[in-house]
Amino acid sequence: MVQAFKVLGWLEGLSFLTLLFIAMPIKYMAGNPAVVKAMGPIHGFLFIGYVLFANFLASELNWTWKMRIQAFFAAVLPFGTFWFERKYLDAKKA
């Protein structure tokens with residue numbers, strides 16, 4: 001389950017970065033909202049999945065409240081999911 005969460009975290013993180021650093025500049029600099037319209041729902045789906053999976057995994061693995069809150073904040077910060085994985089889910093630490 002941790003491996004699946006790591007994959008979901010990477011996908012969510014990549015979709016967020018794509019939305020922020022590719023789709024939004026194309027929308028506002030080139031006046032083309034098509035990429036945002038395509039990436040927005042994909043990112044939204046992955047974001048909701050990440051938050052729900054984090055909540056489920058937190059219960060299953062008895063995460064501390066600090067770790068739970070950091071997992072949720074990681075979903076809304078650029079590069080956050082990558083940081084969370086490295087800090088808490090790295091194979092050397094698990």
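For sorting residues by class here, Ala, Val, Leu, Ile, Met, Phe, Trp, Tyr, Cys and Pro go down as nonpolar, Asp, Glu, Lys and Arg as charged, and the rest, Gly among them, as polar. Keep that handy for the first stop, and bear in mind that you're looking at a predicted model.

**Stop 1: the cavity**

Select Phe5, Lys6, Gly9, Trp10, Tyr50, Thr81, Phe84, Glu85 and Leu89, and you have the lining of the largest cavity on screen. Sorted by class, that lining comes out as five nonpolar, two polar and two charged residues. Now colour by helix: α1 and α4 (80-89) each put at least two residues into the lining. The space inside has a volume of about 30 Å³. How many cavities of 30 Å³ or more are there? The count is one.

**Stop 2**

Next, centre the view on Tyr50.

**Stop 3: Ser15**

Move along to Ser15, which sits in helix α1 (residues 2-30). Is Ser15 buried or exposed? Its relative accessibility is 4%, so Ser15 counts as buried. Show side chains and you'll see a partner: the Ser15 side chain makes a polar contact with the side chain of His43, at 2.9 Å. Setting aside neighbours within four places in sequence, Ser15 is in contact with Met39, His43 and Leu46.

**Stop 4**

Before the last picks, a reminder: most residues other than glycine have a negative phi.

Go to Asn62, in the loop between α2 and α3. Asn62 isn't a glycine, yet its phi is positive, about 55°. With a relative accessible area of 66%, Asn62 is exposed.

Finish at Phe79, in the loop between α3 and α4. Phe79 also has a positive phi, near 70°, in a residue other than glycine. Its relative accessible area is 48%, so Phe79 counts as partly exposed; the cut-off for exposed is over 50%.

Notes. Residues numbered from 1 in each chain as written. Predicted model: local features only at pLDDT ≥ 70, side-chain atom pairs only at ≥ 80, totals over all residues. Heavy atoms only, no water. Helix = DSSP H or I, 4+ residues; strand = E, 2+ residues; numbered from the N terminus. Buried < 20%, exposed > 50% of the residue type's maximum accessible area, 1.4 Å probe, protein only. Polar contact = N/O pair within 3.5 Å; in protein donor to acceptor, adjacent residues only side chain to side chain. Contact = heavy atoms within 4.5 Å. 1 Å grid on protein atoms, 1.4 Å probe; cavity = no way out; pocket = protein on both sides within 12 Å on 5 of 7 lines; lining within 4 Å. Points joined across faces, edges and corners; volume = space filled by probe spheres on them.
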